[in-house]
Amino acid sequence: MNSADPALFHLLQLSSPMLPVGAYSYSQGLEWAVDQGMVHDRETAQRWIEEVLRLNISRCDAPILLRMHHAWTDRDAARLTHWNEVFLVSREGSELRAETEQMGYSMRHLLQELAAVDTTMLDILHHLQPLCFPVAFSCAAVSWNIPARAAASAFLWSWVEGQVSVAMKIIPIGQVAGQHILTGMARLFPSIINEIVVLKDDEINTWNPMFAIACCAHETLYSRLFRS
């Protein structure tokens with residue numbers, strides 16, 4: 001993509017916090033980690049976000065997103081159904097499951113309102129019930145001619161920005177501290193993306209017990225700002 005390519009601007013649109021899918025309302029266990037004192041400053045926030053990125057998002061969510069992108073390119077409903085089911089069962093808590101379903105629903109509604117996808121894509125989106133968020137995200141990427149690697153980068157970056165935003169609100173840390181975390185994460189992205197694109201199907205996993213505990217424990221947190 002170059003600066004005159006419309007796909008570049010759609011890529012920015014997909015990764016923007018203005019995307020109306022409700023991502024801002026979820027912390028994915030980070031709120032519980034702050035409540036427990038495990039995350040309490042910039043350094044511990046960056047460590048938490050990096051570990052979840054490396055052990056969960058880049059080992060499961062992003063690799064599945066790439067497979068969905070390839071399936072959308074081929075308009076392969078069977079493969080999309082398979083990976084949608086795999087992603088849904090990989091959610092390790094009820095809040096994580098509700099999160100991806102709600103965001104998937106919102107993304108599908110947005111694409112329909114924007115008339116951003118063709119009728120074949122829209123039919124597949126409506127057939128997938130429930131619909132996980134990466135399916136709808138990758139559908140938009142393919143429809144807008146965004147390459148798979150760039151789509152995965154945008155997906156990861158929007159997740160990182162969301163986590164930093166949570167940390168800024170509830171630790172709290174300042175805006176400059178948030179930018180320090182984002183700068184540190186940006187340095188990791190080239191190697192992480194290179195690892196994601198070569199990951200095999202049987203290597204996809206969510207092996208991060210503390211993350212799973214945090215997500216489940218958040219369900220009974222007495223006072224909370226976020227939905228996960």
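Select Leu-111 and show its surroundings, leaving aside neighbours within four places in sequence. Leu-111 is then in contact (heavy atoms within 4.5 Å) with Ala-116, Val-117, Leu-125, Ala-136, Cys-139, Ala-140 and Trp-144. This is a predicted model, in which local features need pLDDT of at least 70 and side-chain atom pairs count only at pLDDT 80 or more, while totals for chains, interfaces and linings use all residues. Residues are numbered from 1 along each chain as its sequence is written, and side-chain values use heavy atoms, with hydrogens and water left out.

Helices here are DSSP runs of H or I with at least four residues, numbered from the N terminus, as are strands (E, at least two). Ala-116 is buried, at a relative accessible area of 11%; buried means under 20%, exposed over 50% and partly exposed in between, with a 1.4 Å probe and protein chains only. With neighbours within four places in sequence again left out, Ala-116 is in contact with Leu-111, Ser-143 and Trp-144.

Now colour the largest nonpolar core, which has 84 residues. Such a core is a set of buried Ala, Val, Leu, Ile, Met, Phe, Trp, Tyr and Cys residues joined through side-chain atoms within 4.5 Å. The members that touch the most others are Leu-14, Leu-53, Trp-72, Met-107, Leu-111, Ile-146 and Leu-156. Helix H3 (residues 42-73) gives the most to this core, 14 residues.

Select Phe-133, Phe-137 and Phe-155, which ring pairs link into a cluster. Rings of Phe, Tyr and Trp (its six-membered ring) pair if their centres lie within 6.5 Å; planes under 30 degrees apart count as stacked, over 60 as edge-to-face and the rest as tilted. The count by this rule is 4 aromatic pairs. Phe-133 and Phe-137 form an edge-to-face pair, because their planes are at 65°, with centres 5.7 Å apart. Both sit in helix H7 (residues 133-143), 4 residues apart, or about one helical turn. Phe-133 has 9% relative accessibility and counts as buried; Phe-137 is buried at 0%. Phe-137 also pairs with Phe-155, edge-to-face, with centres 5.4 Å apart and planes at 75°. This pair links distant parts of the chain, since Phe-155 lies in helix H8 (residues 148-170), 18 residues from Phe-137. Phe-155 is buried as well, at 8%.

Select helix H10 (residues 209-217), whose buried residues are Phe-211, Ala-212, Ala-214 and Cys-215. Look down the axis of H10: the buried residues fall within an arc of 160°, so they line one face of the helix. The arc is that of the directions from the helix axis to the C-beta atoms. The cover over these residues includes helix H2 (30-35), H3 and H5.

For Cys-139, the nearest cysteine sulfur is that of Cys-132, 12 Å away; Cys-139 is buried at 0% relative accessibility. For Cys-216, the nearest is that of Cys-215, 6.8 Å away, and Cys-216 is partly exposed at 33%.

Terms used
Disulfide = S-S within 2.5 Å.
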